[in-house]
Amino acid sequence: MKCPLILTCSVLVVLSGLTACQKSEVTAAAPAAAPAAAAAPAAPAPPAYQVMASIQELMDAVIDPSADALWDSVSIIETVKGTVFHQPHTNEEWQEARRHAIALIEGTNLLVMDGRKLVAPGSPVLDQGTSGVLSAEEGQQKFESQHPTFVQFAKALREAGTQMLAAIDKKDATGMMNAGAAMDGVCESCHLTFWYPNQVIPPLPDDFGKTKAVPKPKRIPLSPG
């Protein structure tokens, strides 16, 4: 006669085996999980900046006022009483000149931002209708076709502005005048390319400067006003 304990153990072993088989069958019969749905493409990030002003508006609001202030801050003027030197003297005057130099330098970075137009839509170019000045449409075409040249002018103006800033930090009036001359050359070259390339400058008369009766040839000013 078998021991009841042995019979109980045998029954448990058989039941355990049956349960394991049933689990295996259920697992095998279960359908494979459907693949996860593909993640939706991420929305493009918004631009880090938004271009608002045109080249002409930047020139009027940032570049020209800064350049004019720097040109006016140091000069040598001949008068009937002698030579007059003008330059910053106080710390406040030097700091004010420095602000204009910083604005000019950073303004050149704004000029070359992608998406910048020459003039605002529907606006005329400054001095449009003056002999030699391109129309807004002509200027935009030239701006687009020769954009690398425009970028080089902007970089050259930035370098001249950096030269001006270094002279200001040294309180070097002569250095400021040299930087101012470099700025003037870059601005005029850029204007002759993109603003008034068709300007005709009459030759100076033979007796120019010998008599006050002979007027100087009129030119489009480098800066408006």
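# A walk around the helices and an aromatic cluster

Start at the N terminus and follow the protein chain along: its elements run α-α-β-β-α-α-α-α. That makes six helices and two strands, where helices (H or I, at least four residues) and strands (E, at least two) are DSSP runs numbered from the N terminus. Before you click on, note that this is a predicted model, in which local features need pLDDT of at least 70, side-chain atom pairs count only at pLDDT 80 or more, and totals for chains, interfaces and linings use all residues. Residues are numbered from 1 along each chain as its sequence is written, and side-chain values use heavy atoms, with hydrogens and water left out.

**Stop one: helix 5.** Select residues 147-169. Helix 5 has 23 residues and reaches 33 Å from its first C-alpha to its last, close to the 33 Å expected at 1.5 Å a residue (the expected span is 1.5 Å times one less than the number of residues). Now colour its buried residues, among them Phe150, Phe153, Leu157 and Met164; buried means under 20% relative accessible area, exposed over 50%, and partly exposed in between, with a 1.4 Å probe and protein chains only. Which helices do the buried residues of helix 5 pack against? Show helix 2 (55-73), helix 3 (91-111), helix 4 (136-145) and helix 6, and you have them. Just after helix 5, look for Lys171, which takes a positive phi of about 55°.

**Stop two: the rings.** Select Phe143, Phe150, Phe153 and Phe194, which form one aromatic cluster. Rings of Phe, Tyr and Trp (its six-membered ring) pair if their centres lie within 6.5 Å; planes under 30 degrees apart count as stacked, over 60 as edge-to-face and the rest as tilted. By this rule there are four aromatic pairs. Zoom in on Phe143 and Phe150: their ring centres are 5.0 Å apart and their planes at 75°, so this pair is edge-to-face. Both Phe143 and Phe150 are buried. Phe150 lies in helix 5 and Phe194 in helix 6 (residues 173-194), so the pair ties together parts that are 44 residues apart in sequence. Phe194 is buried too, with a relative accessible area of 7%.

**Last stop: the whole chain.** Zoom out and show everything. Buried residues make up 29% of the 225 residues in the protein chain.

How values were computed:
Contact = heavy atoms within 4.5 Å.
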